[in-house]
Amino acid sequence: MPKTNNTRRVGETEARAKLTNVRISPQKLNLVAASIRGLPVQRALNELEFSRKRISDDVRKVLYSAVSNAENNHNLDIDNLIVSEAFVGKNLVMKRFASRARGRSSRILKPFSEITIVVREAGEAA
């Protein structure tokens, strides 16, 4: 049985990159993603470079990957790219238990999340 081609999930002038299983809660990751939405790529990279958030290094790597995908796979001009979308989703949750007083225990939830960054050329309509 032949394979069917996957349809593009983004437009012709867009490229995306995704990072899964990031060991941080989606709420904290969304704060960093919100700071780069709609910015030109160079300004977004500067924003992430000097951010005090721990996760900003991983988000910067994903943004570099999206820019590289735009340049190598889709032949887009990297000087005209903007971050059109940066969204965060939930992933698995590790469940742990901690001992408490009088023989009881309490649950500790350690959430994972994922981030997707889509870049597009600035001259195109949103």
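Student: Why is glutamate 12 called exposed?

Tutor: The relative accessibility of glutamate 12 is 64%. Exposed means over 50% relative accessible area, buried under 20%, and partly exposed in between, with a 1.4 Å probe and protein chains only. Glutamate 12 therefore counts as exposed. This residue lies in the segment before strand 1, where strands (E, at least two residues) and helices (H or I, at least four) are DSSP runs numbered from the N terminus. The model is a predicted one, in which local features need pLDDT of at least 70 and side-chain atom pairs count only at pLDDT 80 or more, while totals for chains, interfaces and linings use all residues. Residues are numbered from 1 along each chain as its sequence is written, and side-chain values use heavy atoms, with hydrogens and water left out.

Student: What makes arginine 60 a buried residue?

Tutor: Arginine 60, in helix 3, has 19% relative accessibility and therefore counts as buried.

Student: How do you know that the side chain of arginine 60 makes a polar contact with that of glutamate 49?

Tutor: The two side chains are paired at 3.4 Å. A polar contact is a pair of N or O atoms within 3.5 Å; within protein, one must be able to donate a hydrogen and the other to accept it, and residues adjacent in sequence count only if both atoms are side-chain atoms. The pair therefore qualifies as a polar contact. Setting aside neighbours within four places in sequence, arginine 60 is in contact (heavy atoms within 4.5 Å) with Leu45, Leu48 and Glu49.

Student: How do you know that the buried residues of helix 3 are on the same side?

Tutor: The buried residues are Ser56, Val59, Arg60, Val62, Leu63, Ala66, Val67 and Ala70. They cover an arc of only 160 degrees, taken from the directions from the helix axis to the C-beta atoms, and so are on the same side of helix 3. The face turned away from them carries the exposed residues Lys61 and Asn72. The buried residues pack against strand 1, helix 1, helix 2, strand 2 and strand 3.

Student: What makes the buried residues of helix 2 line one face?

Tutor: Val41, Ala44, Leu45 and Leu48 are buried in helix 2. Seen down the axis, they fall within an arc of 100 degrees, so they line one face of the helix. Gln42 and Arg43 are exposed on the other side. Helix 1, helix 3, strand 2 and strand 3 are among the elements that cover the buried residues of helix 2.

Student: Which residues touch the most other members of the largest nonpolar core?

Tutor: A nonpolar core is a set of buried Ala, Val, Leu, Ile, Met, Phe, Trp, Tyr and Cys residues joined through side-chain atoms within 4.5 Å. The largest has 27 residues, of which Ile36, Val59, Leu63, Val83, Ile117 and Val119 touch the most other members. Helix 3 supplies the largest share, six residues.

Student: Why are strand 2 and strand 3 said to pair?

Tutor: Two strands pair if DSSP finds at least two bridges between them. Strand 2 and strand 3 have 16, in the antiparallel sense, and therefore meet the definition. Methionine 94 stands opposite lysine 110 in strand 3. Strand 1 and strand 3 also pair in the antiparallel sense, over seven bridges, with alanine 17 opposite isoleucine 117 in strand 3.
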